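This briefing gathers local features of the structure shown below, grouped by topic. It is meant to be read with the coordinates open.

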Amino acid sequence: MTLLGLRPDLYRENAFRITGLPVRATTRDIRRQTEKMRLMERLGRSGASEGILPPARPPDEDTRQRAAQRLKDPVSRLVDELFWLWPMPDGEVDDAMTALLKGEPHDALRVWERTTKQPARTVAVHNIAVLSHVWALDTDSLDTDAIRLWTRAYKCWGEVIADDSFWELMRVRANELDDPRLTAGVVRRMREDLPAALLAINAQLAVAAAQDGRLKDSRGHITGMRASGFSTGLVDEALHGAVGHETSRIKTLCKNLGQAVRATPERGDELAEQFLDEAKSLLRVVASVLPDDHRGVREAGDDMALTVLGCVVAYVNTAKDYRRSLDLLQHALTLADSESVRDRVQENVDIIADNLSYASCFFCGQDADEPCALHLPMHGDVNRATDYYQTRITWRTITVQVPRCRRCRRKRGWRIACGALIGPLAAVAVAAFLMDAVGLGAVLTVIGFFVASRLIAGPRRDPTEFGPVTELYALGWRPGNRPPEAGR
């Protein structure tokens with residue numbers, strides 16, 4: 001691709017803009033201008049170019065060296081000629097170039113817009129495309145004026161690409177440079193590659209805006225690309241290429257996380273969180289630039305989800321930290337795009353959630369203590385068979401362990417004790433009042449209120465609301481070791 005690697009700074013790096021030379025400059029002109037700029041540098045002067053549309057800041061030595069090298073390379077020079085302003089064909093009065101040399105580019109633009117005669121019209125359209133492109137790229141934000149410039153640039157570049165007469169001028173110009181490397185194929189490939197190269201510039205700007213959080217500007221560049229007149233396939237390809245760094249970085253992070261968690265699975269939660277912090281910002285850029293259904297977005301999200309899943313599995317098997325693992329998998333679930341990956345992550349979410357239900361106290365949600373579990377006997381699969389005049393009842397029993405912490409077991413013990421005391425206390429208090437022992441009755445009443453408050457204090461959950469118990473209820477199982485009619 002002859003135009004491979006064009007960046008938004010292509011005009012700031014354009015050899016003719018840096019040196020101030022016209023595109024028809026000879027080898028002798030280039031040498032003299034290079035020596036002049038070098039001498040000015042030694043004398044402590046800025047060495048600023050005096051040509052058309054000079055750079056806002058004088059180029060430094062490195063920039064001038066790069067420009068000189070580009071002018072020595074015939075293909076690079078022809079590319080810079082394509083992206084710079086041309087004089088009118090031989091014999092034509094060039095009022096536009098005169099205006100440019102006076103620093104009046106708007107006057108030059110009006111001259112080109114009024115030009116209708118060929119071949120001057122072909123050059124004029126090309127120059128309008130270049131000038132609009134320069135101005136659009138020199139703007140700091142994508143405001144209304146910038147959008148107008150981009151629209152005009154794309155329109156005129158489209159006309160240039162479609163104009164056979166322009167590319168005949170390019171072919172003639174390649175012949176004038178008289179270098180065997182400038183074949184007809186080079187000019188043909190320039191024409192073929194120009195749409196993708198133009199789109200790539202806006203795609204890079206869209207990515208840069210997304211990275212900076214300027215999503216409105218990013219969407220504006222993408223909208224302009226889709227309105228450029230070039231095919232949707234070319235637009236999507238340019239956008240995908242522009243996020244290549246982000247997608248490659250995501251793949252690298254996935255690979256590195258897999259290696260790290262294999263070495264230290266006990267740090268899996270920490271490693272997964274660090275991965276998500278970095279990778280999610282990259283994915284946001286990819287997702288804001290590419291269409292929602294683009295393969296690049298789907299693959300990046302799935303890769304991240306599967307990587308976090310593998311990390312969490314290694315961590316939970318080592319640390320048994322179900323709550324932390326569940327939180328990380330919920331993040332992974334939001335990243336997964338394809339149904340198969342979502343199902344795989346969801347399956348593990350369900351497994352860890354089930355494990356968490358046994359690892360957490362059902363009554364308060366804190367970590368459960370296994371020895372403190374509430375044992376709830378249940379019976380089910382009851383069968384009744386009448387044999388002569390006797391009914392035989394058979395059933396199955398199971399004991400469900402409802403996870404509980406030490407504190408909640410202690411509370412339950414208090415409630416049982418208080419429930420046993422409240423009745424006798426009430427009876428003694430009533431008897432004391434009847435026997436005119438008012439002081440004793442008052443004391444017992446206060447104690448009774450205290451016991452009652454302990455009995456009703458704090459939130460309580462019914463053990464039958466525990467998930468496995470609820471499931472057994474749905475299947476007809478009930479609390480107790482036996483059916484009520486089975487006796488003791």
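Predicted model: local features only at pLDDT ≥ 70, side-chain atom pairs only at ≥ 80, totals over all residues.

Contact here means heavy atoms within 4.5 Å.

**Nonpolar cores**

- The largest nonpolar core comprises 83 residues, and the members with the most contacts inside it are Phe83, Trp112 and Trp157.
- Leaving aside residues up to four places away in sequence, Trp157 touches Tyr11, Leu82, Phe83, His126, Ala129, Val130, His133, Leu194 and Leu198.
- As general background, nonpolar side chains tend to be buried together in soluble globular proteins.

**Helices**

- Helix 10, which covers residues 184-211, has 28 residues and reaches 40 Å from its first C-alpha to its last, close to the 40 Å expected at 1.5 Å a residue.
- Just after helix 10, Gly213 adopts a positive phi of about 85°.
- Helix 4, formed by residues 74-82, is mostly covered, since eight of its nine residues are buried; the buried residues are Pro74, Ser76, Arg77, Leu78, Val79, Asp80, Glu81 and Leu82.
- At the start of helix 4, a side-chain oxygen of Asp73 comes to within 3.3 Å of the backbone nitrogen of Val75.
- Thr19 belongs to helix 1, residues 15-19, and a polar atom of the Thr19 side chain lies 2.8 Å from the backbone oxygen of Ala15.
- Because buried means under 20% relative accessible area, Thr19, at 5% relative accessibility, counts as buried.

- Three strands make up an open sheet in the order 2-1-3, with antiparallel pairing.
- Strand 2 (390-402) and strand 3 (478-479) stand at the edges, and each has a single partner strand, so one side of each is left without a neighbour in the sheet.
- Strand 1 and strand 2 run antiparallel and are joined by 12 bridges, one of which pairs Pro377 with Thr399 in strand 2.
- These two strands, strand 1 and strand 2, form a hairpin with two residues between them, and Tyr388 in the turn has a positive phi of about 60°.
- Strand 1, residues 374-387, is also joined to strand 3 by two bridges, again in an antiparallel arrangement.
- On the strand 3 side, Arg478 is the bridge partner of His379, while Pro479 stands opposite Met378.

**Backbone geometry in the loops**

- Most residues other than glycine have a negative phi, and most peptide bonds are trans.
- Gln118 and Pro119 are joined by a cis peptide bond, with omega about 5°, and Pro119 lies in the loop between helix 6 (105-114) and helix 7 (120-138).
- Asp178, although not a glycine, has a positive phi of about 55°; Asp178 is located in the loop between helix 9 (164-177) and helix 10.
- Because exposed means over 50% relative accessible area, Asp178, at 65% relative accessibility, counts as exposed.
- Lys320, likewise not a glycine, has a positive phi of about 60°, and Lys320 lies in the loop between helix 15 (295-319) and helix 16 (322-335).

Notes
Residues numbered from 1 in each chain as written. Heavy atoms only, no water. Helix = DSSP H or I, 4+ residues; strand = E, 2+ residues; numbered from the N terminus. Expected span 1.5 Å × (residues − 1). Buried < 20%, exposed > 50% of the residue type's maximum accessible area, 1.4 Å probe, protein only. Polar contact = N/O pair within 3.5 Å; in protein donor to acceptor, adjacent residues only side chain to side chain. Core = buried A, V, L, I, M, F, W, Y, C linked by side-chain atoms within 4.5 Å. Pairing = 2+ DSSP bridges.
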